[in-house]
Structure formats: C-alpha cells, structure tokens
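The following note sets out points for the file. Please read each against the coordinates displayed below.

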Amino acid sequence: MRGFILKKTAAVLSAVCIIVSLCACGSQKNEYSSFAMGSAVSASLYGKDKKQTDLLWNEISSAVTAADRLLSATSDGSDISRINSTGSAIVDSRTVSFLQKAVLLCNTLNRRLDITLGAVTALWGFTGGTPSVPDESALKAALDTVNIDGVFIDEANRTVSVENGQKLDVGALGKGEACDIMKEKLLASDTAACISFGGNVLVTGENPKGKNGEWKIGMRDPLGSPDEVFAALSLKAENGALCVSTSGSYEKRFEENGKSYHHIINPDTGYPAENGLVSVSVICPSGLNADALSTALFVNGLNETSVLWLKSFGADAVFVFENGTVFVTDSICKNFTITNTDVYKTVSYEEAAK
Amino acid sequence: MSSVLLIAAVAACFLMRERQNGITARVYLDGQTVFEANLSDIKEKKVITPVVGVEITAENGKIGFTSSSCQSHDCIKSGMLSKPYSTAACIPNRVLITLSPNGHTGNGYDSIAY
C-alpha cells in the first residue's frame, strides 16, 4: 500500500514538473538587432510563433529605415538634407507630419528645444566625431539663425522652407519618432516587446517573464563607467506602451583647454546647458514627447515650469544632479530604486530645485 | 513508468537551470547573428571577424572590439564587455555586440536606459 502511494506521488510530481517546464516555453523571447539613425537597436519580441515575430520585426525594421531615410541630416537626399542644402524642398507627407509635431513641441516647451539649432550644432561637430569649441564670432552668427518661427510648412503642397542660413537638426527627436513607429506596429499586433534604440527604451504590453507583468529597466550610471547601473525602474505599460528617453551630459563629451563640454546645447547661448544636471530621463507613452521633454528639461533645469510640462504631457521624470542627488516625480517613486546608494540619494523637489 | 517520468522531470528541471546560468554574447552584422556563445564557455582567446576590417576578441569572460576600420574607433573605446546588458557597436560597419543574461529576467534587467 505504502509502495503504491509512493509510486502515485512520484507520478503526479513528475507530471507537474514536466507540465511546468513545458509551460515555461509557451511565450518565447526572440531577439533581434539592427542599426538606424546612427544608433544600434536591440529588440526582444515575445511570441509563440517565431515566424510571425520574424515577419513583424522585418516590418518594424523597414518602417524605421524608411523614417531614417527621410529624417537623417547626414544622408544626402533625405528630406532634412535637401531642406538644409537648398532652403526649401518638397518632402514626404510623413516628414510634413513629423515637422509639424516638432515645431509645436518647440513652441510648447518655450524653445528650450529648437530644431533650427542646426548651424550651431554643426559648428560644435558632435555628429562628425571630432568635436571642438567653435570660434566665438562664428557661433554668434550661427546663433542668429536659430528661430523656430523661420520654419514654414505648406502642408497642402508638402513643402518646407527655412529662413536664409537656417539649418534643421532633428537629432533630439529622431529616436523618439522611431520608437513611436515601432510602438504602433507592436500594439497593432498585440505583441509584448522591449526595445533599446540607442539608449531610448520602448516597452509594450505585459512582460511575460516579469513579476506582475512589469518590465525592469536599469538606468545607466551617469557619473560612473558605461556598463554600470545606478538605479532600477519598474514599468507597467498600462496604456499599452511606455518610452524612456534620457538626455545626459556623459554622452559625446570632450575636453578642451581643461574645460569639459557636452552636446546638449542651450538655444539661447549656443553653449552646452549648465544647471547642475548630468541626466534627465523621461517616461512617457509617446516616444517623441519623451525625447522632446528629456532635452528641454535638461536645458531648462528642475523648476516649476519643468514640472508643469511633465504633468501636461502625462509624463514622469528622473533628474540626476552632478552632486549625486536625484529627484523623481511622484507617480514613479514607488517604482524607482537606487542601486548605487554610495553615490546617489533621492531628495525632495524643494531640495533638488534650490 | 513512474520512475521514467520522474527521471524525465528531473532532467527537464536540470536543463532549465543550466540555461538560466551565464551570459550569452552575440555578435550581429547588419541584424544577422554571426556569432553566439555563452561567455563563460570561452576559455581560450577567440577572434571573430564579422566583416573585413573589424576584429572582435573574446577571452576570459569578456568580449569587445579590438580592431576596426572606422574613423572614430568609438567601438574600441567601449572596451571589453563582461556585464549583462552591455552593448558595443561599430555603426559604420554595422556590427553590434550584446551581452544578455540567460534564463528568466526576474533577477535582472530587461533593458538599460542611457
């Protein structure tokens, strides 16, 4: 009798183990990579049918490549390049739509972000890979061309014109726009995914492998080495998708004559923004808005206007200062954990903003 | 029959645990995987040439770009990677290195924002 019970128990336990191990293989993680907009893209798409996720990824990749061809300032023949070289061009309807959104964002964010900064950013040389401090008089002349009101968009004729000497630089918004393109296709196919696009992160749906369906995002240590993380953020994409965009002074940094310069330019001065911040990460359902906000907030600093912008866009943010203090907006406080407590600590708005 | 099932179940659980350990290094060329290995399995120095002009070295649990025909050499400046979720890219040559932890992500990150 005892032997019979033992055999039965062993059989049941075995069956349970086999079922559990089989169930764990249900939603497969499929990994992909590509390049676009000067950035590496790493993607994890979850699905039971690999062929279907392969097809979906090809579709997503093609759509992002198409957007890159329109918006890249460095590719000859792109819509942005043609506007910059001739001052006026007939463009793709998608470019018209993108630039309309971009101009609106620049104005809404008090021109702390300005897509007509192209002549200034070109002088600094961050895109070319050999940045240097520009000559002061050349910088002043370039700064005189910065004026979002100089962009004229004729939607009916798909024509975009800029004022004499103006150059468009949409680098601060390109990855966010690409995230939105990817997001639409993932949501349409109800696919859970986690994608890193040059440091921007897009999550869609519930994480099949995560606790409570949450995605766990590490945040790069802005004061440490590139492979160190200083905090963890748990995200649940309740509206279907969330994007994280970070503007940080640690990227594309260089030194000249003993002074350090970063690439996030204040449109008022033509010089890198200096307000004690090393990074601002924005979490928002829209990739484009997250991108725009992260740049504008870095330039604007932490103040009441910045907090108001975040609320009006339905976004949250993490502000990290040079002294290691961190301010996190209320809604994501409980989802945010500092992992490097030796260097960083969270503080209240009052303490961070003073 | 019960013994066979029990052995099969134990073997399945063991295999799952095995897959959960370690870090998988992948090298992509233009989106296609050209190299994949568990980093801890690489004992001797291994050189990978995904495309002419680019050399990647894997050794002692680390992997990184060691030679490139690109101008900026940003890929080489990324250094030797060893931590999960690290990436290095040679964009002009369209080569990407990623390190992913094996198994469930409950203890690790799904991605890194930077």
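Is Cys179(A) buried or exposed?

1. Cys179(A) counts as buried, at 1% relative accessibility; buried means under 20% relative accessible area, exposed over 50%, and partly exposed in between (1.4 Å probe, protein chains only).

2. This is a predicted model, in which local features need pLDDT of at least 70, side-chain atom pairs count only at pLDDT 80 or more, and totals for chains, interfaces and linings use all residues. Residues are numbered from 1 along each chain as its sequence is written, chains are lettered from A and ligands numbered from 1 in the order in which they are written, and side-chain values use heavy atoms, with hydrogens and water left out.

3. At 41% relative accessibility, Cys333(A) counts as partly exposed.

4. Of the 354 residues in chain A, 53% are buried. The C-alpha trace of chain A spans about 95 × 50 × 35 Å along its principal axes. Among contacts (heavy atoms within 4.5 Å) in chain A with a separation of 6 or more, 59% link residues 24 or more positions apart.
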